[in-house]
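Q: Could you take me slowly through one part of this structure, the sheet with mixed pairing, and then show me how the rest of the chain is arranged around that topic?

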Amino acid sequence: MAKVLIIAGDFVEDYELMVPFQALLMVEHQVSVVCPEKKAGDTIKTAIHDFEGDQTYTEKRGTYLPSTQTSAASMRLILMPYSFRADVHQNT
């Protein structure tokens with residue numbers, strides 16, 4: 001069992017966060033999800049982008065996942081969903 005850290009921001013694409021999260025849990029890895037500027041227990045909100053016949057997609061609320069408190073030093077794998085923009089979350 002490996003320790004895995006997923007770094008995600010609010011309104012990350014639901015599919016990009018939840019599929020790896022659930023797959024890693026399914027094979028019995030210990031998965032922690034953190035969000036910049038959030039404490040353990042705060043909610044990370046995901047978004048579902050859906051094409052419903054309009055010219056562009058609609059955005060719906062997805063999963064509400066609790067943020068965990070953890071240290072990256074003890075992790076074996078760090079995963080960042082594609083839609084997470086680290087440059088937006090940097091402290092300047």
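A: In this predicted model, three strands form an open sheet whose order is β2-β4-β5, and the pairing within this sheet is mixed. The strands at its edges are β2, covering residues 12-13, and β5, covering residues 58-66, and each of these two pairs on one side only. Strand β4 takes in residues 43-50 and runs antiparallel to β5, to which it is joined by seven bridges.

Two aromatic residues can be considered next. Phe51 and Tyr57 form an aromatic pair, with 6.0 Å from centre to centre and 80 degrees between the planes, and this arrangement is edge-to-face; the chain has one aromatic pair by the rule applied here. The label edge-to-face follows because planes over 60 degrees apart are counted that way. As for accessibility, Phe51 has a relative accessible area of 64% and is therefore exposed, since the cut-off for that word is over 50%, whereas Tyr57, at 42% relative accessibility, counts as partly exposed.

The chain also holds another open sheet of three strands, with the order β3-β1-β6 and parallel pairing. Here β3 (30-34) and β6 (77-79) stand at the edges, and each has a single partner strand, so one side of each is left without a neighbour in the sheet. On average, and with direction ignored, neighbouring strands of this sheet are turned by 20 degrees against each other. Strand β1, made of residues 3-7, runs parallel to β3 and is joined to it by five bridges, and within this pairing Val4 has Val31 of β3 as its bridge partner. Helix α1, residues 14-26, lies across β1, β3 and β6, and it runs at about 155 degrees to β3.

Stepping back to the whole chain, there are one helix and six strands, and read along the sequence they follow the pattern β-β-α-β-β-β-β. Among the contacts with a separation of 6 or more, 69% are between residues 24 or more positions apart. Of the 92 residues, 29% count as buried, and the accessible surface of the chain comes to about 6,300 Å², of which 52% belongs to carbon and sulfur atoms.

Methods:
Residues numbered from 1 in each chain as written. Predicted model: local features only at pLDDT ≥ 70, side-chain atom pairs only at ≥ 80, totals over all residues. Heavy atoms only, no water. Pairing = 2+ DSSP bridges. Helix = DSSP H or I, 4+ residues; strand = E, 2+ residues; numbered from the N terminus. Axes fitted to C-alpha atoms, helices over the stretch in contact; angles between N-to-C directions. Contact = heavy atoms within 4.5 Å. Buried < 20%, exposed > 50% of the residue type's maximum accessible area, 1.4 Å probe, protein only. Areas by Shrake-Rupley, 256 points an atom, 1.4 Å probe, with all protein chains shown as cover. Phe/Tyr/Trp six-rings, centres within 6.5 Å; stacked < 30°, edge-to-face > 60°.
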